[in-house]
Amino acid sequence: MSTERFASVWDAIEDTPEKAENMKLRSGLMMALKGHIIRAGLSQSEAAKLFSVTQPRVSDLMRGKIGLFGLDALVNMAAAAGMQIEMRVHEAERC
């Protein structure tokens, strides 16, 4: 059994660091959008109108179907909801 440790689940299951970083960003945006919907008390239909997407698309978001969403789509949905997105980029630690 391996005792290798990972910084995130995405680092453990994705094939490359690039894919892991993409998944981290997508999952963070999805969680923020889901939280916004819940805090605002929006129905899926209301959220769909706000995000300019279909209700089934919001259902996919709420159910965590990350493979169905790209970064562009998630950023567009967040912007449509009036959310501000900030990004930090820094050098990774070298092992």
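Leaving aside neighbours within four places in sequence, with which residues is Met 30 in contact? The legends below answer this and describe the surrounding helices. The model is predicted, with local features needing pLDDT of at least 70 and side-chain atom pairs counting only at pLDDT 80 or more, while totals for chains, interfaces and linings use all residues. Residues are numbered from 1 along each chain as its sequence is written, and side-chain values use heavy atoms, with hydrogens and water left out.

View 1. Helices are DSSP runs (H or I, at least four residues), numbered from the N terminus. Apart from neighbours within four places in sequence, Met 30 is in contact (heavy atoms within 4.5 Å) with Asp 60, Leu 61, Gly 64, Lys 65, Ile 66, Phe 69 and Leu 74. Met 30 has a relative accessible area of 7% and is therefore buried, a term that means under 20% relative accessible area with a 1.4 Å probe and protein chains only. Between the C-alpha atoms of Met 30 and Leu 71 there are 9.7 Å in space, although the two are 41 residues apart in sequence.

**View 2. Packing of helix H2 (residues 17-40) with helix H5 (residues 71-80)**. The two axes, which are lines fitted to C-alpha atoms over the stretch in contact, with angles running from 0 to 180 degrees between N-to-C directions, come within 10 Å and cross at roughly 25°. H2 and H5 are therefore roughly parallel to each other, the term for angles under 35 degrees. On the H2 side the contact is made by Asn 22, Leu 25, Arg 26, Leu 29, Met 30 and Leu 33, and on the H5 side by Leu 71, Leu 74, Val 75, Met 77 and Ala 78.

**View 3. Crossing of helices H3 and H4**. Here the axes come within 8 Å and cross at roughly 105°. That makes H3 roughly perpendicular to H4, a description covering angles of 65 to 115 degrees. Gln 44, Ser 45, Ala 47, Ala 48 and Phe 51 of H3 make the contact with Gln 55, Val 58, Ser 59, Leu 61 and Met 62 of H4.

**View 4. The largest nonpolar core, with 17 residues**. Such a core is a set of buried Ala, Val, Leu, Ile, Met, Phe, Trp, Tyr and Cys residues joined through side-chain atoms within 4.5 Å. The residues with the most contacts inside this core are Leu 33, Ile 37, Phe 51, Val 58, Leu 61 and Leu 74. H2, H3 (44-51), H4 (55-62) and H5 each supply at least two of its residues, and H2 gives the most, with 5.

Key. Parallel < 35°, antiparallel > 145°, perpendicular 65-115°, else oblique. Buried < 20%, exposed > 50% of the residue type's maximum accessible area, 1.4 Å probe, protein only.
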